[in-house]
Amino acid sequence: MDISQLLSDLFFDYTLRTVALGALILGMVSGMLGAFAVLRKQSLLGDAISHAALPGIVLAFLLTRQREPVVLILGALIAGWLATLFMIAVTRTTRIKNDTALGLVLSVFFGMGLMLLTFAQRLPDATQAGLDKFLFGQAATLLQSDVITMGIIGALALGLLVVFWKEFKLITFDPEFAASLGFPVRGLDVLLTTLLVIAIVIGLQTVGVVLMSAMIVAPAAAARQWTDRLSLMILLGGLFGAVAGVSGTLISSTAERLPTGPVIVLCISVIVLFSMLFATNRGLVWNWLRSKQNRRKLRARAVLADLNTLAMQHPHEAHGHSVAVLRTMSANPDGVSYALKQLRERGHAYEVSTDVWALTDEGLAQASRNQKEETE
Amino acid sequence: MTEKAIEVTDLTIAYKDKPVLWDVDMSVPVGTLMAIVGPNGAGKTTLIKSILGLIKPAAGQVLVLGKPYTQQRHLVGYVPQRGSVDWDFPTSVLDVVMMGRYGALGWLKRPGGAERAAALDALDKVGIRHLADRQISQLSGGQQQRVFLARALVQGAQLYFMDEPFQGVDATTERAIVTLLQELRSAGKTVVVVHHDLQTVPEYFDWVTMLNVRRIASGPVNEVFTEENLRQTYGGKVAFLSAAGNGKNGKQ
Amino acid sequence: MSQAQFEIQLIASMVAVACALPGVFLVLRRMAMMSDAISHTVLLGIVIAFFITRSLNSPLLLIGAALMGVITVSLVELLNRTQLVREDAAIGLVFPAIFSIAVILISRFAGDVHLDTDAVLLGELAFAPFNRLRLFGLDIGPEALYTSGSILLLNILFIVLLYKELKLATFDPALAAALGFAPGVIHYALMALVSLTAVGAFDAVGSVLVVAFMIAPPAAAYLLTDRLSRMLIYSALIGIFSAVSGYWLAHWLDASIAGSMATMTGISFVSAYLLAPERGLIAQARRRQGQRVEFALTMLTMHIAHHTATQEAEEENQAVRLYEHLKWSPRFAAEIVGIAEHNGLIQQKKGLLVLTESGLKRAQQEFTA
């Protein structure tokens with residue numbers, strides 16, 4: 001696939017441009033607001049709310065007979081809201097735990113939505129054709145008007161995020177302290193959750209119910225690996241989400257029968273995987289390399305100490321010792337050769353004859369320094 | 001008439017209709033360094049939280065420097081228990097301390113240079129200015145406690161409430177904190193501390209309130225921290241307490 | 001009721017019970033959302049098995065599904081162990097990725113086969129009676145009956161045989177390990193069972209209903225009893241009820257059977273939430289009402305007792321001051337004072353409230369309590 005062709009399509013092909021733009025908005029908004037969900041240990045809330053939105057969408061259609069995205073989004077919002085309230089009520093007033101409440105709401109609301117959807121499908125004016133777009137996300141059918149709606153609502157949500165930035169940060173980190181300062185923690189909580197529901201709802205059209213939870217969790221999870229600052233984490237989350245959205249769209253356009261939603265999710269999953277492996281400091285690969293390095297250092301030190309011990313036992317200090325002996329002394333016989341090479345590089349040991357090693361003067365000095373350190 | 005720092009009358013708090021605090025009266029003069037002690041479940045944290053307006057009482061009234069707390073927020077600093085927060089949160093030490101200024105900033109305004117300077121100053125006072133840019137997950141228990149303390153200091157309050165600040169903290173930090181609290185007291189501030197270690201009460205504090213759902217006693221340590229009161233507060237477990245009780249009595 | 005209708009309800013009931021049983025343990029072990037994750041990831045297992053056998057009826061599909069369930073759980077735990085993400089985030093990362101891979105594979109390579117994501121998610125029980133199983137040329141019933149029946153049997157066997165191990169491993173995994181019961185193995189076995197159940201139920205009811213059946217009836221049962229054995233039985237019964245009533249609901253509305261059944265599980269839960277004898281909202285409210293009065297009476301006597309001794313007694317025990325201090329509304333205060341007088345706890349003397357013998361005794365009870 002020709003990259004330049006792809007990029008030019010991006011700008012000039014109406015459908016591709018529209019879908020990519022929609023995906024970009026989705027990625028950015030959910031990536032940024034998702035950070036708060038993740039930090040508040042509400043990662044799966046996205047999953048539950050996106051499923052719970054379905055009956056809201058269908059009812060909104062049934063009551064108003066309109067397919068206007070704004071109307072449907074409003075329905076989704078209300079349903080998502082009710083679902084959240086229900087979960088809070090149940091966990092607060094009974095011994096039902098959080099995860100059960102999530103699963104309950106997810107499956108039951110969705111089931112209701114399904115029931116209503118099939119009910120609506122039997123109605124004479126079966127113009128509900130657009131409703132199951134929300135189920136699976138058919139990004140390819142996004143219209144420019146849809147994208148504009150997404151953009152406006154998304155911008156509003158992000159705007160509120162910026163305005164109440166420090167308040168949201170405070171109630172997420174230390175709600176009690178926030179309350180003692182006089183901030184209405186519950187109200188702010190409600191607002192934040194509303195923004196989250198908005199982010200989810202505008203993304204449903206693009207990736208569908210099942211995959212929406214990934215768009216909330218993954219960008220934030222990836223961003224967290226790269227930074228320890230909340231502001232940066234949010235921005236990176238938005239960036240990752242947007243990148244995944246656009247690249248997912250582009251990639252799925254290059255081949256037939258590659259549904260856009262899943263490809264976007266795979267893109268963000270790759271980004272998460274990469275971040276977890278290679279991010280500076282926290283990355284697993286760096287951790288692994290670092291611990292390997294440490295182990296090597298310790299082993300070299302141990303071999304140095306062994307050589308020293310042997311040297312002490314033999315009055316002729318230039319007397320070399322065989323590698324075999326060193327191996328029997330070592331807890332890690334396989335690493336001895338490498339350790340000896342390291343020691344040679346540092347000038348602490350030299351090979352007297354084949355496979356026979358001894359300490360240099362510098363090595364002796366280092367060994368006694370090490371010993372002193374250890375006994376301190 | 002000199003105002004009391006804290007005036008609690010008939011405070012009763014129930015949880016699911018079981019009393020947590022019952023008919024508590026407490027009157028704390030300005031410029032005192034006071035400990036609140038009592039067994040687990042005695043209502044110590046609840047008392048503090050209700051003074052701060054975080055819990056609604058079933059009955060009774062609380063006045064802070066003569067007025068209800070809601071009118072005096074800017075005069076009160078709060079240091080909650082360390083465990084109440086997720087220390088993995090992506091933020092730096094300086095950032096957390098600046099949060100103490102959010103109350104004064106009010107809605108929507110961003111913290112700026114003045115807040116930053118105040119925060120650095122507070123970090124200085126608790127001795128961890130060099131950790132200002134450190135991620136909070138990398139802190140030790142003692143350092144975390146100092147961060148919380150700095151955050152309260154930055155509020156520029158007259159009255160400080162602390163919940164078990166010495167819990168799980170190394171000896172050096174403990175000494176540093178006590179010194180700081182005593183300095184605050186000397187400067188005319190009032191400091192109230194929920195304290196878990198009876199042995200150190202006579203050494204660190206001038207006043208003590210002994211609580212076990214009801215107020216057993218409240219007053220200057222040398223008057224009130226007696227074996228009899230300790231017995232009443234802690235029920236049967238007195239044996240190891242007599243040393244603490246006698247400590248102060250012995251000094252008389 | 002026609003035979004087809006009966007068969008549908010029978011199959012649905014079996015699926016309901018088959019799901020409810022492992023569901024109880026998922027709820028108790030706080031792994032409810034795993035059911036959602038697994039019910040989506042098994043699709044990949046099915047797809048891969050399908051590519052190998054090129055048949056939708058091979059038992060390899062079931063094995064693939066079971067494996068996939070176990071793999072899902074392992075991946076989540078692996079992620080969790082790296083300490084880079086929390087457990088709930090781990091689940092939310094793993095299953096969408098796996099599901100996406102499955103959907104892409106289906107779209108690209110199996111688009112023409114009846115491996116429909118729609119069906120996976122939604123399932124269509126209405127068609128079940130039409131897929132008959134033929135043994136030796138004899139029609140012995142719908143295929144789904146036997147699939148769900150076998151899975152039900154498997155689940156029952158698992159739970160009956162390993163009842164005490166499951167119980168222990170759920171409530172005290174440390175003890176279970178110390179006693180040599182390998183709670184880890186039990187954990188994975190349970191997950192494999194969940195996956196098998198999910199797959200077995202797909203054809204009939206789809207993944208959403210599987211989750212509903214696994215969580216809602218056990219959640220309702222959780223509010224109805226404190227005993228594990230009862231919880232299992234109640235969940236099964238509630239599941240059957242939801243299945244049957246759901247069917248008729250769908251019939252009436254001419255709507256999705258699976259969706260209606262899921263709705264009925266929800267209604268069952270809400271009923272339990274409201275009406276459960278001890279833990280239901282209504283029972284809670286009634287208890288609180290009763291406790292309120294008792295509590296208020298005690299507060300009243302204590303308050304009077306407390307302030308009789310002090311100098312402020314004259315002022316304090318004036319009826320009016322009392323209400324201020326106790327923060328009672330005048331109406332509530334009058335009510336309580338009335339009840340207190342009626343029960344012989346206090347007497348009114350010249351606008352002051354004074355304790356009687358029994359009132360004093362009541363106040364003192366709290367003192368020593």
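In the predicted model, a nonpolar surface patch of about 600 Å² is formed by W226(A), F274(A), F278(A), W286(A), W288(A) and L289(A). Two elements of chain A, helix 12 (260–278) and helix 13 (284–313), each give two or more residues to this nonpolar patch. The greatest contribution is that of helix 13 of chain A, which provides three residues, and W288(A) is located in this helix.

The largest pocket has a volume of about 1800 Å³, and among the 50 residues that line it, those closest to its centre are R40(A), Q42(A), R92(A), N98(A) and D189(A). The lining draws on two chains: at least two residues each are supplied by helix 4 (69–93), helix 5 (98–121), helix 8 (165–173), helix 9 (175–180) and helix 10 (185–226) of chain A, and likewise by helix 2 (32–53) and helix 4 (87–109) of chain C. With seven residues, helix 4 of chain A accounts for the largest share of the lining of the largest pocket.

In chain C, helix 6 (residues 143–161) comprises 19 residues and reaches 27 Å from its first C-alpha to its last, close to the 27 Å expected at 1.5 Å a residue. The buried residues of helix 6 of chain C are A144(C), L145(C), S148(C), G149(C), I151(C), L152(C), N155(C), F158(C) and I159(C). Elsewhere in chain C, A174(C) belongs to helix 8 (residues 173–178) and counts as exposed, since its relative accessibility of 57% lies over the 50% cut-off.

Most residues other than glycine have a negative phi. D23(B) lies in strand 2 (residues 18–29) of chain B, whereas L65(B) is placed in the loop between strand 4 (59–64) and strand 5 (76–79) of chain B. With the cut-off for burial set at under 20% relative accessible area, D23(B) counts as buried at 5% relative accessibility, and L65(B) counts as buried at 16%.

Conventions:
Residues are numbered from 1 along each chain as its sequence is written. Chains are lettered from A and ligands numbered from 1 in the order in which they are written. This is a predicted model: local features need pLDDT of at least 70, side-chain atom pairs count only at pLDDT 80 or more; totals for chains, interfaces and linings use all residues. Side-chain values use heavy atoms; hydrogens and water are left out. Patches are made of residues with over 30% relative accessible area and no salt bridge: like charges are joined within 9 Å, nonpolar side chains (Val, Leu, Ile, Met, Phe, Trp, Tyr) within 5 Å. Accessible areas come from the Shrake-Rupley method with a 1.4 Å probe; for residues, only the protein chains shown count as cover. A salt bridge is a side-chain nitrogen of Lys or Arg within 4 Å of a carboxyl oxygen of Asp or Glu. Helices (H or I, at least four residues) and strands (E, at least two) are DSSP runs, numbered from the N terminus. The expected span of a helix is 1.5 Å times one less than its number of residues. Buried means under 20% relative accessible area, exposed over 50%, partly exposed in between (1.4 Å probe, protein chains only). On a 1 Å grid over the protein atoms alone, a cavity is a set of points where a 1.4 Å probe fits but cannot get out, and a pocket is an open set with protein on both sides within 12 Å along at least five of seven lines; lining residues have an atom within 4 Å of a point. Grid points are joined across faces, edges and corners, and a volume is the space filled by probe spheres set on the points.
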